[in-house]
Amino acid sequence: IYRNFLNREGQDLNSQGEKTGLVIPADPETVDDWKDFRKMVALKLRQGLWRDQKTNPTIENYLKSRGLPEF
């Protein structure tokens, strides 16, 4: 999901094993695109929770006890 925002993706080895690092540019246009992307993902998550609560008691109970998650 991050490919549209990446400058570089690399793999390094550390003492715990392989680790992947991502570099995301911080120019204003990319930051705005990133914010828009996060808003879209959050909206889709909320829509999915709202839709699925009808058939999933766990989601229904979560929404009743906590409401929709804030992003």
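Buried residues account for 17% of the 71 residues in the protein chain. The model is predicted. The accessible surface of the chain comes to about 6,200 Å². Carbon and sulfur atoms hold 50% of that surface. The secondary structure consists of 2 helices and 2 strands. Along the sequence, these elements follow the pattern β-β-α-α. Among contacts in the chain with a separation of 6 or more, 21% join residues 24 or more positions apart.

The region between the helices was examined next. Glutamine 53 lies in the loop that links α1 (28-52) and α2 (57-66). Its relative accessible area is 16%. This value is under 20%, so glutamine 53 counts as buried. Its side chain reaches back to the backbone oxygen of tryptophan 50, at 3.5 Å. Beyond its neighbours within four places in sequence, glutamine 53 is in contact with Ile59, Glu60 and Leu63.

Tryptophan 50 itself belongs to helix α1. Its relative accessibility is 54%. Because this exceeds the 50% cut-off, tryptophan 50 is classed as exposed. Glutamine 53, by its own value of 16%, is buried. Tryptophan 50 and leucine 63 are 13 residues apart in sequence. In space, their C-alpha atoms are 8.2 Å apart. Leucine 63 is also one of the residues in contact with glutamine 53.

Charged pairs were then considered. The structure holds 2 salt bridges. One joins aspartate 52 and arginine 51, with the closest N and O atoms 3.2 Å apart. Aspartate 52 has a relative accessible area of 30%, so it is partly exposed. Arginine 51 reaches 52% and is therefore exposed.

The other salt bridge pairs glutamate 60 with lysine 64. Here the closest N and O atoms are 3.4 Å apart. Both residues lie in helix α2. Because they are 4 residues apart in that helix, about one helical turn separates them. Glutamate 60 has a relative accessibility of 28% and counts as partly exposed. Lysine 64 is exposed, with a relative accessible area of 64%.

How values were computed
Residues are numbered from 1 along each chain as its sequence is written. This is a predicted model: local features need pLDDT of at least 70, side-chain atom pairs count only at pLDDT 80 or more; totals for chains, interfaces and linings use all residues. Side-chain values use heavy atoms; hydrogens and water are left out. Buried means under 20% relative accessible area, exposed over 50%, partly exposed in between (1.4 Å probe, protein chains only). A polar contact is a pair of N or O atoms within 3.5 Å; within protein, one must be able to donate a hydrogen and the other to accept it, and residues adjacent in sequence count only if both atoms are side-chain atoms. Contact means heavy atoms within 4.5 Å. Accessible areas come from the Shrake-Rupley method with a 1.4 Å probe; for residues, only the protein chains shown count as cover. A salt bridge is a side-chain nitrogen of Lys or Arg within 4 Å of a carboxyl oxygen of Asp or Glu.
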